[in-house]
Amino acid sequence: NFFGKKKSSEATTVSKTSTRAPSDPQQTIVTLREQVANQEKREAHIHKKVNEMVVEAKAKLAKGDKKGALFCMKRKKLYEQEIDKIQNVKMTLETQVINLESAAQNAQTFKAMEAGSKTMKKIRTDVGIEQVDDIMDEIKEEMEMANEINNAIAQPIDPLLADDDELLAELNELESTDLEAELLKPTPAISLPAVPNAKLPALAKDEEDELKKLEAELAGM
């Protein structure tokens, strides 16, 4: 019947509305801010109407039309009530904007934290503690091997190095033989000059006299 079809149609409309996917948070915030701007425009218009009612009420009162003045004051009161409603709506819209911005920020933060957690988990899976220990052991082994190679390369190469002791013993034996031969050599005779047997020649007569004269002078001093 007619009423049944209408009821079914209304039910279908409600179902579609309730199951509609939520819109993007940023788009919703933009829509809410547009509504706030519309409410502010309407509030400014009604404030203008309030001022007009005050002016009209004064004019009617000046003409003695108290009934007309009272009607203007009633309209002014209705406008003021509408302003209160608009301010409440604005507060609700602003609250929704703030909550949506906070929720959107929290959602982005959660996604970033979730991505960070997954990345850390992947890194930990790819680089486990056992793999790190194995790598460190391999590095230590390679360093030890490199040190052994360096030490092997730095070793001196002397084909007679093993015969040093034997050669030193032979050298000492040669030194001992030379010293013994030197000691066994005969000592050569030392030739001394002959002692003269003749007497020394006498001093000349003049020299003798002069010597005596010198001795006399020395004695008189």
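This briefing covers charged residues and salt bridges in the structure above. The model is predicted: local features need pLDDT of at least 70, side-chain atom pairs count only at pLDDT 80 or more, and totals for chains, interfaces and linings use all residues. Residues are numbered from 1 along each chain as its sequence is written, and side-chain values use heavy atoms, with hydrogens and water left out. The whole structure holds seven salt bridges, each a side-chain nitrogen of Lys or Arg within 4 Å of a carboxyl oxygen of Asp or Glu.

**A bridge between helices**

- Glu 43 and Lys 90 form a salt bridge, with their closest N and O atoms 2.9 Å apart.
- Glu 43 sits in helix α2 (residues 25-62) and Lys 90 in helix α3, so the pair ties together parts 47 residues apart in sequence.
- Helix α3 covers residues 66-126; helices are DSSP runs (H or I, at least four residues), numbered from the N terminus.
- Glu 43 is buried at 9% relative accessibility.
- Lys 90 is also buried, at 18%.
- Buried means under 20% relative accessible area, exposed over 50%, and partly exposed in between (1.4 Å probe, protein chains only).
- The side chains of Lys 90 and Glu 43 also make a polar contact at 2.9 Å.
- A polar contact is a pair of N or O atoms within 3.5 Å; within protein, one must be able to donate a hydrogen and the other to accept it, and residues adjacent in sequence count only if both atoms are side-chain atoms.

- Glu 80 pairs with Lys 76 in a salt bridge, the closest N and O atoms being 2.6 Å apart.
- Both Glu 80 and Lys 76 lie in helix α3, four residues apart, about one turn of the helix.
- Glu 80 is partly exposed at 27% relative accessibility, whereas Lys 76 is buried at 16%.
- Lys 122 and Asp 126 meet in a salt bridge through their side chains (2.9 Å, N to O).
- Lys 122 and Asp 126 are likewise four residues apart in helix α3, about one turn.
- Lys 122 is exposed at 54% relative accessibility, and Asp 126 is partly exposed at 43%.

**A negative surface patch**

- Glu 130, Asp 133, Asp 134, Asp 137, Glu 138, Glu 141, Glu 142, Glu 144 and Glu 148 gather in a surface patch of negative charge.
- Such patches join like charges within 9 Å, using residues with over 30% relative accessible area and no salt bridge.
- One of the patch residues, Glu 142, lies in helix α4 (residues 129-154).
- Glu 142 is exposed, at 55% relative accessibility.

Conventions
Patch = residues over 30% accessible without salt bridge, like charges linked within 9 Å, V, L, I, M, F, W, Y side chains within 5 Å. Areas by Shrake-Rupley, 256 points an atom, 1.4 Å probe, with all protein chains shown as cover. Lys, Arg positive; Asp, Glu negative; His and termini not counted. Charge placed at Lys NZ, Arg CZ, Asp CG, Glu CD. Helix = DSSP H or I, 4+ residues; strand = E, 2+ residues; numbered from the N terminus.
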